[in-house]
Amino acid sequence: MVKPFVPQLVYIEPRALEYPLGRKLKKKFEDMNIEIRETTSHNQVRNLPGENDFQKYRVAKSTLVVGVRKTLKFDTSKPSAEYAIPFATGCMGHCHYCYLQTTMGSKPYIRTYVNVDEIFESAEQYMKERAPEETRFEASCTSDIVGVDHLTHTLKEAIEYFGKSEHGRLRFVTKFAHVDHLLDAEHNGRTRFRFSLNADYVIKFLEPGTSRLDERIEAAAKVAEAGYPLGFIIAPIYLYDEWKEGYRELFEKLEDKLPDYATKDLTFELIQHRFTQPAKRVIQKNYPMTKLEMDEEKRQYKWGRYGIGKYVYKKDKQEDMKETLGGYIEQHFPEARLEYFT
């Protein structure tokens with residue numbers, strides 16, 4: 001079982017100590033006897049321990065930086081929400097395929113932001129602009145927020161904040177099962193709690209450092225019992241030799257463990273594996289022994305936004321994937337809504 005994340009090293013921005021949460025976290029980490037260093041900015045953490053890039057990358061993934069989020073312009077290119085809402089950046093998981101490896105580049109450490117009220121004030125402005133329409137905020141565009149929230153409780157605060165809001169909805173997704181502290185939050189049905197799931201093979205070989213499939217499903221059942229609207233992202237859908245059996249087992253386990261009432265308002269999002277040329281270089285550097293297949297010959301090139309294209313599965317494979325997983329959803333969760341396949 002993957003234990004809840006505990007940083008080996010903590011950096012704190014001096015400005016973070018002007019906020020109650022910053023002071024609280026400093027005391028918490030002092031009490032835990034974790035080494036605390038000062039940094040001028042959460043974007044400028046230097047001198048991480050390690051003899052080489054390989055070691056420094058692993059130290060960074062176990063380092064937490066407590067900072068103040070200065071720019072509060074929210075943005076999202078996600079099909080599932082209007083805006084991203086930034087409570088944290090980075091992740092303690094070691095998913096080989098993760099796009100954060102390229103977007104975070106030389107800063108793979110985990111950052112948590114303490115100016116939570118200012119973040120809420122910005123969210124309030126966005127909601128006012130769109131009212132009376134609902135505005136959905138995605139809290140996990142650049143992080144796995146649940147992975148760090150047992151330490152910070154900013155996500156819990158956000159769930160309760162949106163629980164009281166008139167026009168706001170919150171969404172996030174996680175690969176971690178450490179959800180107990182979120183079960184009593186007053187969400188009022190305004191937060192959709194999603195879990196990222198995958199076939200056992202993918203979790204075992206490509207998602208080290210994250211909760212196992214059975215743990216995630218068990219956590220999802222608890223979340224359903226706590227009355228949250230529930231969703232699952234099956235991502236990345238990855239074609240290994242026994243993929244059809246692996247994904248079928250995933251849906252069978254899910255149906256077996258989820259309480260019936262949780263299946264009435266259930267969403268699924270399906271995302272196929274894709275990679276870019278820069279991502280491939282970074283992945284091979286960070287995980288030289290990876291089993292992740294990134295053979296351009298087996299893929300087709302898809303032009304992306306901002307001129308950066310990606311390699312996705314060929315059309316016939318995509319059709320097979322969509323039909324197979326769509327069929328499993330239809331069979332096991334006929335009342336669920338498939339939000340998109342990409």
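## Strands, cores and cavities

Glu138 stands opposite Arg171 in β8. The strand β8 comprises residues 168-174 and is joined in the parallel sense to β7. The model is predicted, so local features are given only at pLDDT of at least 70 and side-chain atom pairs only at pLDDT 80 or more, while totals for chains, interfaces and linings use all residues. Residues are numbered from 1 along each chain as its sequence is written, and side-chain values use heavy atoms, with hydrogens and water left out.

**The sheets.** Helices (H or I, at least four residues) and strands (E, at least two) are DSSP runs numbered from the N terminus. Two strands pair if DSSP finds at least two bridges between them. An open sheet of 7 strands has the order β4-β7-β8-β9-β10-β11-β14, with parallel pairing. Its edge strands, β4 and β14 (337-341), each pair on one side only.

The bridge partner of Val10 is Leu64 in β3, and Val65 stands opposite Arg111 in β6.

| Strand pair | Sense | Bridges |
|---|---|---|
| β4 (residues 83-84) and β7 (residues 135-138) | parallel | 2 bridges |
| β7 and β8 (residues 168-174) | parallel | 4 bridges |
| β11 (residues 266-272) and β14 | parallel | 4 bridges |
| β1 (residues 9-12) and β3 | parallel | 4 bridges |
| β3 and β6 (residues 110-113) | parallel | 4 bridges |

**Burial of β3.** Buried means under 20% relative accessible area, exposed over 50%, and partly exposed in between (1.4 Å probe, protein chains only). Strand β3 (residues 63-67) is largely enclosed by the rest of the structure, because 5 of its 5 residues are buried. In a regular strand the side chains alternate between the two faces of the sheet. In β3 both faces are covered: Thr63, Val65 and Gly67 are buried on one side, and Leu64 and Val66 on the other.

**Nonpolar cores.** A nonpolar core is a set of buried Ala, Val, Leu, Ile, Met, Phe, Trp, Tyr and Cys residues joined through side-chain atoms within 4.5 Å. In soluble globular proteins, nonpolar side chains tend to be buried together. The largest core here has 96 residues, and Phe232, Ile234 and Tyr247 have the most contacts inside it. Apart from that core lies another, of 8 residues, among them Val45, Leu48, Val59 and Val65.

Contact means heavy atoms within 4.5 Å. Leaving aside neighbours within four places in sequence, the contacts of Tyr247 include Asn198, Val202, Ile234, Pro236, Leu325 and Tyr328.

**Backbone exceptions.** Pro236, one of the contacts of Tyr247, is found in strand β10 (residues 230-237). The peptide bond from Ala235 to Pro236 is cis, with omega near -10°. A cis bond also runs from Ala131 to Pro132, with omega near 5°; Pro132 lies in the loop between α4 (116-130) and β7.

Asn47 has phi near 60°, a positive value in a residue other than glycine. Asn47 belongs to the loop between β2 (35-38) and α2 and counts as exposed, at 69% relative accessibility. Asn188, also not a glycine, has a positive phi near 50°. Asn188 sits in the loop between β8 and β9 (191-197), and its relative accessibility of 54% makes it exposed.

**Cavity and pocket.** On a 1 Å grid over the protein atoms alone, a cavity is a set of points where a 1.4 Å probe fits but cannot get out, and a pocket is an open set with protein on both sides within 12 Å along at least five of seven lines; lining residues have an atom within 4 Å of a point. Grid points are joined across faces, edges and corners, and a volume is the space filled by probe spheres set on the points. For residue classes, Ala, Val, Leu, Ile, Met, Phe, Trp, Tyr, Cys and Pro count as nonpolar, Asp, Glu, Lys and Arg as charged, and the others, Gly among them, as polar.

There is 1 cavity of 30 Å³ or more, and the largest cavity holds about 70 Å³ of space. Its lining residues include Tyr57, Lys61, Cys91, Cys98 and Pro108. Helix α3 (residues 100-104) gives the largest share of that lining, 3 residues. By class the cavity lining has 6 nonpolar, 2 polar and 1 charged residues.

The second largest pocket has a volume of about 420 Å³. Of its 19 lining residues, Lys56, Gly105, Ser106, Lys107 and Pro108 lie nearest its centre. Two or more lining residues come from each of α2 (53-60) and α10 (277-286), and α2 gives the most, with 4 residues. The lining of the second largest pocket has 7 nonpolar, 7 polar and 5 charged residues.
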